[in-house]
There are 2 protein chains.
Amino acid sequence: MNNIRVFLVDDHPVVRAGLRAMLGDLQGITVVAEAADGGAALAGLAKLHTLGEPADVVLMDLQMGAGMDGVTATGRIKAGEAGQPAPPVLILTTFDSDADILAAVEAGASGYMLKDAPPEQIRQAVLSAAAGGTALAPEVAARLMGRIRNPEPALSVREIQLLELLATGMGNRAIAKQLFISEATVKTHLVHIYGKLGVDNRTAAIAVAAQRRIIRRP
Amino acid sequence: MNNIRVFLVDDHPVVRAGLRAMLGDLQGITVVAEAADGGAALAGLAKLHTLGEPADVVLMDLQMGAGMDGVTATGRIKAGEAGQPAPPVLILTTFDSDADILAAVEAGASGYMLKDAPPEQIRQAVLSAAAGGTALAPEVAARLMGRIRNPEPALSVREIQLLELLATGMGNRAIAKQLFISEATVKTHLVHIYGKLGVDNRTAAIAVAAQRRIIRRP
DNA sequence: CCTGCGATCAACCAAAAGGTTGATTCCGCC
DNA sequence: GGCGGAATCAACCTTTTGGTTGATCGCAGG
């Protein structure tokens with residue numbers, strides 16, 4: 001059986017319709033179900049599973065809130081159901097910030113594509129993911145390559161996390177609470193961040209991080 | 001002739017496909033052309049015009065860069081070609097910041113819808129725009145109402161100037177030097193800015209200002 | 001002409017952020 | 001098994017910001 005069964009997850013009906021139209025026309029690919037958010041996606045996946053018709057690939061939009069959870073949760077299905085491997089998750093999103101990419105890869109996504117990619121690229125990514133491979137948009141791949149090549153200040157995941165909260169205007173105290181750590185630790189992280197970004201205050205850190213696309217700005 | 005001729009403008013092939021599928025099914029609506037950016041859109045509109053088959057509605061995504069220009073430019077067609085009215089422009093975007101909405105309305109858009117709106121709402125908006133009416137997404141309408149009820153204090157030119165330097169990560173001392181004023185004055189301005197933006201520190205001010213598009217971010 | 005507002009500055013105090021030193025724990029790696 | 005890096009926290013100190021009060025100047029509008 002070489003018909004690839006795709007599960008769409010995106011909160012925009014327009015985008016779902018687009019993907020459906022775009023992928024549905026292609027022979028060998030069938031869109032078997034859709035969901036508007038992470039919760040519905042998990043329910044849908046479970047249902048398909050019990051029907052004995054599991055999806056082969058999950059195509060998921062990455063939103064700040066529930067998106068990431070979706071990936072990790074999908075991964076957890078794998079752990080729970082021993083014999084049945086979880087479908088690979090292919091992220092399809094608008095932004096290409098380091099923070100997003102790293103988070104997605106770390107959460108176990110097997111691909112990261114941008115929404116403005118040409119249809120053919122998206123199709124290829126789906127095929128590749130279904131075959132157990134990985135698929136990165138050229139822009140994303142380039143960014144990752146750059147990260148490894150440049151011994152440039154490699155920020156840790158935690159530090160990027162911090163940076164993101166920083167950019168929302170939160171004070172050290174608020175950040176500490178949010179991350180369940182002490183203010184002292186926040187300050188330590190900040191000192192490290194400043195050092196790595198070659199900067200000496202939080203505002204400049206945000207400016208540099210945003211410019212280097214370490215964090216996203218909508 | 002009651003067949004509505006729609007022109008799609010969106011840089012995401014996925015979204016264009018979605019809209020095409022979503023609107024094309026509906027009787028009385030035909031998607032006659034598409035474009036990926038403002039420039040191509042203008043060229044396409046002109047071409048349709050010379051063919052004697054002008055579009056009735058332009059459905060346009062609003063991107064930071066060229067999107068807004070597209071609306072104004074479309075408006076300019078109207079001014080140029082005396083007898084031929086320009087097609088109404090319906091904005092369809094992801095974000096609903098005050099600045100975006102205001103800018104769109106000011107530029108002459110005849111509608112502002114959000115991409116996560118249900119298909120039916122989008123169809124209604126297209127029909128309404130084609131009929132010469134306006135269409136606002138409920139969320140957008142609510143936001144506008146809120147603005148009228150309690151208008152946000154406008155920042156002075158000087159204050160925006162400050163904000164811009166602020167966003168580069170400069171300290172008060174540096175800003176003072178740059179603007180040839182004293183640190184005291186910088187602080188005074190900042191206090192005013194914080195008040196107007198409803199914020200209490202510089203980082204949050206930048207976040208809000210950026211979100212409201214009060215300052216640029218490349 | 002007077003009122004209001006933007007821009008400018010000063011002095012002062014409280015709070016937050018920045019910087020340093022040092023210490024602990026938990027990893028992964030050679 | 002030890003080495004180094006990431007993450008965590010504490011105590012202490014300096015600098016920067018934030019917040020307040022009050023004052024001067026110039027210009028636009030009623």
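**Reading the model**

Mentor: Chain A has an accessible surface of about 10,100 Å², and 56% of that surface belongs to carbon and sulfur atoms; such areas come from the Shrake-Rupley method with a 1.4 Å probe, and for residues only the protein chains shown count as cover. The model is predicted: local features need pLDDT of at least 70, side-chain atom pairs count only at pLDDT 80 or more, and totals for chains, interfaces and linings use all residues. Residues are numbered from 1 along each chain as its sequence is written, chains are lettered from A and ligands numbered from 1 in the order in which they are written, and side-chain values use heavy atoms, with hydrogens and water left out.

Trainee: How many helices and strands does the secondary structure of chain A come to?

Mentor: Helices (H or I, at least four residues) and strands (E, at least two) are DSSP runs, numbered from the N terminus. Chain A has 10 helices and six strands.

Trainee: What is the strand order of the open sheet in chain B?

Mentor: Two strands pair if DSSP finds at least two bridges between them. In chain B, six strands form an open sheet in the order β2-β1-β3-β4-β5-β6, with parallel pairing. Because β2 (29-35) and β6 (135-136) of chain B each have a single partner strand, they stand at the edges, and one side of each lacks a neighbour in the sheet. Two parallel bridges join β5 (residues 111-114) of chain B to β6(B), where B:Tyr112 stands opposite B:Leu136.

Trainee: Which strands of chain B does helix α5 touch?

Mentor: Contact means heavy atoms within 4.5 Å. Helix α5 (residues 119-130) of chain B packs on the sheet and touches β1, β2, β3, β4, β5 and β6 of chain B.

Trainee: Which residues have the most contacts inside the largest nonpolar core?

Mentor: In soluble globular proteins, nonpolar side chains tend to be buried together. A nonpolar core is a set of buried Ala, Val, Leu, Ile, Met, Phe, Trp, Tyr and Cys residues joined through side-chain atoms within 4.5 Å; buried means under 20% relative accessible area, exposed over 50%, and partly exposed in between (1.4 Å probe, protein chains only). The largest core has 82 residues, and A:Phe7, A:Leu59, B:Phe7 and B:Leu59 have the most contacts inside it. Another core, of 25 residues, lies apart from it, and A:Leu102 is among its members.

Trainee: Is A:Phe180 buried or exposed?

Mentor: A:Phe180 is exposed, with a relative accessible area of 77%. Its phi is positive, about 60 degrees, although A:Phe180 is not a glycine.

Conventions. Axes fitted to C-alpha atoms, helices over the stretch in contact; angles between N-to-C directions.
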